[in-house]
Amino acid sequence: MKILMVCLGNICRSPLAEGIMKSKLPRDFFVDSAGTSAFHRGELPDVRSIKTAEKHHLDITDQRSRPIEISDLEEFDYIFCMDGSNFKNVQDLAQNDAQRSKIHLILEILKNPKLKEVPDPYYGGDQGFENVYQMLDRACELWAEQLIP
């Protein structure tokens, strides 16, 4: 099974989500991440994402930012978006209902009407990254429980 995490620049939220999800799934799952923007193409995750991941014993320094491509909608089984804007952008790339059915807001599994989107921590401090980590950790745990046969 192949899973793609998506945020805007692929340097803050989706790299954390990728690292967290990889830690919760067996090795026969493939997890990647991408951004709806190509602005940070080839860059490492934000240093604050790297530090937050390290604090939780995850290494995300092998990741590099890349933009989402139309082929990703065919290749991946699940595409988890961090917020409504990313969700809409990925939906707009979809060419059919089968592709659209793969696209989800990652926090939808929490079933919390007050918590639907992962906030972008880019302009905030370190605590924003920790808050994002905690949201993603819980969501990834629940998704992993559903995805592991």
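How much of the accessible surface of the protein chain belongs to carbon and sulfur atoms?

## Surface and basis

The share is 51%, out of an accessible surface of about 7,600 Å² (Shrake-Rupley method, 1.4 Å probe). This is a predicted model, where local features need pLDDT of at least 70, side-chain atom pairs count only at pLDDT 80 or more, and totals for chains, interfaces and linings use all residues. Residues are numbered from 1 along each chain as its sequence is written, and side-chain values use heavy atoms, leaving out hydrogens and water.

## Overall build

The protein chain has 6 helices and 4 strands, running β-α-β-α-α-β-α-α-β-α along the sequence. Its radius of gyration is 14 Å, close to the 15 Å from the globule rule for 149 residues, so the chain is as compact as a globular protein of that length.

Of the 149 residues, 51% count as buried, meaning under 20% relative accessible area with a 1.4 Å probe, protein chains only. Take contacts (heavy atoms within 4.5 Å) between residues at least 6 apart in sequence: 72% of them join residues at least 24 apart.

## Around strand β2

Strand β1 (residues 2-7) pairs with β2 in the parallel sense over 6 bridges; pairing takes at least two DSSP bridges. Ile3 sits opposite Val31 in β2. As for β2 itself (residues 30-35), 5 of its 6 residues are buried, so the strand is largely enclosed by the rest of the structure.

How values were computed:
Buried < 20%, exposed > 50% of the residue type's maximum accessible area, 1.4 Å probe, protein only. Helix = DSSP H or I, 4+ residues; strand = E, 2+ residues; numbered from the N terminus. Rg over C-alpha atoms; globule rule 2.2 N^0.38 Å.
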